[in-house]
Amino acid sequence: LLGSVWKVQASQFGTLVVCLPYRHSGGQLRVAHSGEEMTYDWGNQDNIQWAALYSDCEHEVYEVTAGHRITLTYNLYAHEQLGGVFRSPGTIDMDSFTLYRDVKAALASLDFFPK
């Protein structure tokens, strides 16, 4: 049991955890907030899984007991320009990002993950 492992900055409002589809045992993510609790167990999934949580959520990551748990963790921040007002951004086309296109193509390849 690792406990809370993410440090929160003042402008951080949440965290996004993306788990890549690689078989493993253990490594569950437990999230608790306001008396409610959810445990994510992504060890036997064949698709990308994700969880988003606010910065004030309690969370724990359990020990991986077999295989490898591969996750990408993003800290989510809100920034405002000096004297500005928060505005809703327009729609973003994910395919406009080279990294997104490359990762999407790699995950679609039958040779990406060993059998």
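Reader: In the hairpin of S3 and S4, which residue takes a positive phi, and how many residues lie between the strands?

Author: Strands are DSSP runs of E of at least two residues, and helices are runs of H or I of at least four, numbered from the N terminus. In this hairpin two residues lie between S3 and S4, and Ser-34 takes a positive phi near 50°. This is a predicted model, in which local features need pLDDT of at least 70 and side-chain atom pairs count only at pLDDT 80 or more, whereas totals for chains, interfaces and linings use all residues. Residues are numbered from 1 along each chain as its sequence is written, and side-chain values use heavy atoms, with hydrogens and water left out.

Reader: In what order do the strands of the sheet with S3 and S4 stand?

Author: Two strands pair if DSSP finds at least two bridges between them. Here the order is S4-S3-S6, an open sheet with antiparallel pairing. Strand S4 (36-40) and strand S6 (58-61) each have a single partner strand, so one side of each is left without a neighbour in the sheet. Five bridges join S3 to S4, with Ala-32 opposite Glu-37 in S4. Strand S3 (residues 29-33) is also paired with S6, over four bridges, and Arg-30 stands opposite Glu-60 in S6.

Reader: What is the order of the open sheet that contains S1?

Author: That sheet of three strands runs S5-S1-S8, with antiparallel pairing. Its edges are strand S5 (49-54) and strand S8 (71-77). Strand S1 (residues 12-19) pairs with S8 over seven bridges, and Val-17 stands opposite Thr-73 in S8.

Reader: Which residues make up the largest nonpolar core?

Author: A nonpolar core is a set of buried Ala, Val, Leu, Ile, Met, Phe, Trp, Tyr and Cys residues joined through side-chain atoms within 4.5 Å; buried means under 20% relative accessible area, exposed over 50%, and partly exposed in between, with a 1.4 Å probe and protein chains only. The largest one has nine residues: Val-17, Cys-19, Leu-29, Val-31, Trp-42, Ala-51, Leu-53, Cys-57 and Val-61. S1, S3 and S5 are the elements that give two or more residues to this core.

Reader: Over which residues does pLDDT stay under 50?

Author: pLDDT is the predictor's confidence in each residue, from 0 to 100. The mean for the protein chain is 83, and 80% of its residues reach 70 or more. Over residues 1-5, however, pLDDT stays under 50. For that stretch the model has nine contacts beyond four places in sequence, a contact being heavy atoms within 4.5 Å.
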